[in-house]
Amino acid sequence: MMPLAALFLRDIRLAVRIGGGAVMGVLFFLIVVTLVPLAVGPDLALLQRIGPAILWLGALLASLLALDHLFAADYADGSLDVILTARAPLELAVLAKAAAHWLTTGLPLVIAAPVLGLMLNIEPKAMAAVTLTLLAGTPALTLIGAVGAALSVALRRGGLLLPVLVLPLTIPVLIFGVAAANAAIVGPTPFGTPFTILCALSLASLAIGPFAAAAALRHGLE
Amino acid sequence: MALIDLANPTRFLNLANRCLPWLAGLTAVLFAAGLYQTWFVAPDDYQQGATVKIMYIHVPSAWLGMFGWTLMSIAALGTLVWRHPLADVAAKTAAPIGAAFAFLCLVTGSLWGRPMWGTYWVWDARLTSVLVLFLMYLGMMTLWRTVEDPSRAGRAAAVLTLVGAINLPIIKFSVDWWNTLHQPASVFRVGGPAIDRSILLPLIVMVLAFTLLFVTLHLAAMRNEIMRRRVRTLRLQQAGAGAGG
């Protein structure tokens, strides 16, 4: 357990220091949310209606942007090879890295969401629902994204390949995240139905993501 | 380098060269029979008129769009589990063909939708999930095109194919759920009355013809891919010899 804890703490420390890019995602999120009213117009009623969707899209894109950091830096300085040859199972190492990555990039998005919700005129109760769905859904985004990040680092080609591969896989998370948020605001389905499915998606990606990402790393870097 | 690609595939090439003319001939015969029945035997629908005949292309395309990913998933297992040298050739060549059929399914669907629904595109659940499938095929093709070493690309593509195979039913389910939430089911009712035999029989012939077309194209594409890899290996050897000597 000790090496994994050390890896987890190391990743968090690296992320919050200079060059870590933990704050970058939140800044990107803020800019996306600012751009939407500029595109669709400052109609507060409309913004209130599509607010949850905007927040979810912004969070999805922001978490995608940060994925590049997950393995690329470790690959560049060679520590990924050390992790690969270490005695701790690679799947658990991926899980530890993904957890640290979510804490430093996913959680800030969840915390920033209520503040940005104010700009979109979302009511407090609806805002609580959106924040809750983001809290439940962003781990799935990180874990699905870890597979794409592992693939693109193994292929030594990042860039546009990563979003092209990852975005279609995140469609279910987006659908149920926005649906749960909207269910809490306008109905007609109860909040619990889409929300539990969202939680199930997160758990399923927790079960599959580390294995797929570890397989991609192993096959790509051997 | 990829010298192992040269070892076993010779026997496969012989087999493919012997099978291909027969497969192509059988495909042509089945298409002749199926198209004849579609145009001259199958009746027009009493409501939809002649547009119902788009179905004879649309349904086989939809089936082959899904068949392509299934084939790729089996090939992915072949790459990762059994390390079969031809598995990634099969996976790579299936992607563009599957994408073509998914695209054909989308195009015929929207051509049918124009007179029937009054619009080329509706966010119907099944249209949307075929669109996502098409996008995933395109992603897979870009992945193959990003990496120059085929065996390396093959293993990465295999991991992604299997993740996609797990994800596709979930995407299908969530898009269905999303669709029923947004629009009532009255817009698009499947089946209606049970399909009459006069329509079902040509449809089965067309599905068989299209499936054989897929198999023929896939086999030919695999043959071409093996030759392409041989050319690549020869060029690398030549370049190596030139640099060394």
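So, α1(A) against α6(A): on the α1(A) side you have L4(A), L7(A), F8(A), D11(A), I12(A), A15(A) and V16(A), and they meet L92(A), A93(A), A96(A), K97(A), A99(A), A100(A), H101(A), L103(A) and T104(A) of α6(A). By contact I mean two residues whose C-beta atoms, placed from the backbone, lie within 7 Å. Helices here are DSSP runs of H or I with at least four residues, strands are runs of E with at least two, and both are numbered from the N terminus. The residues of this α1(A)–α6(A) contact split into 12 nonpolar, 2 polar and 2 charged. For the classes, Ala, Val, Leu, Ile, Met, Phe, Trp, Tyr, Cys and Pro are nonpolar, Asp, Glu, Lys and Arg are charged, and the others, Gly among them, go down as polar.

Before I go on: this is a predicted model, where local features need pLDDT of at least 70 and side-chain atom pairs count only at pLDDT 80 or more, while totals for chains, interfaces and linings use all residues. Residues are numbered from 1 along each chain as its sequence is written, and chains are lettered from A and ligands numbered from 1 in the order in which they are written.

Okay, geometry. Helix α1 of chain A covers residues 2–16, and its axis and that of α6(A) come within 9 Å, crossing at roughly 30°. Axes are lines fitted to C-alpha atoms, for helices over the stretch in contact, with angles from 0 to 180 degrees between N-to-C directions. The crossing of these two is right-handed. In case you want the convention, left-handed has the near helix turned anticlockwise from the far one by less than a right angle, and right-handed has it turned clockwise.

Now stay on α6(A) and look at α3(A). Those two pack at about 150°, with their axes 10 Å apart, and are therefore roughly antiparallel to each other. α3(A) passes α6(A) in a right-handed crossing. From α3(A) we have G51(A), L55(A), A59(A), A62(A), S63(A) and A66(A), meeting T105(A), G106(A), L109(A), A113(A), L116(A) and G117(A) of α6(A). That contact has 7 nonpolar, 5 polar and no charged residues.

Where does α3(A) bend? Helix α3 of chain A runs over residues 44–66 and has a kink of about 60° at I50(A), shortly before the proline P52(A). The bend is the angle between axes fitted to the seven residues ending at a position and the seven starting there. Buried residues of α3(A) include P52(A), W56(A) and L60(A). Buried means 20 or more other C-beta atoms within 10 Å of the residue's own, exposed means 12 or fewer, partly exposed is in between, and the C-beta atoms are placed from the backbone. Among the elements covering those buried residues are α2, α7 and α8 of chain A.

That takes us to L162(A), which sits in helix α8 of chain A. Buried or exposed? L162(A) counts as buried because it has 23 C-beta neighbours inside 10 Å. Leaving out residues up to four places away in sequence, L162(A) touches L67(A), D68(A), G148(A), A149(A) and S152(A).

Over to chain B. Chain B has 7 helices and 0 strands, and 32% of its 245 residues are buried. Take contacts in chain B between residues at least 6 apart in sequence: 82% of them join residues at least 24 apart.

The pair to look at is α4(B), residues 87–117, and α5(B), whose axes come within 9 Å and cross at roughly 150°. That makes α4(B) roughly antiparallel to α5(B). Here the crossing is left-handed. Residues making the contact include A95(B), A99(B) and F103(B) of α4(B), with V130(B), F134(B) and W144(B) among those of α5(B). In all, that contact has 17 nonpolar, 2 polar and 1 charged residues.

Next, the contact between the chains: 21 residues from chain B and 22 residues from chain A. On the chain B side, the elements giving two or more residues are α5 (125–146) and α6 (150–182), with the largest share, 13 residues, coming from α6(B). By class, the chain B side has 14 nonpolar, 5 polar and 2 charged residues.

Last stop, T180(B), also in helix α6 of chain B. T180(B) is exposed, with 12 other C-beta atoms within 10 Å. T180(B) and L77(B) are 103 residues apart in sequence and 35 Å apart in space, C-alpha to C-alpha.

Definitions and conventions:
Parallel < 35°, antiparallel > 145°, perpendicular 65-115°, else oblique.
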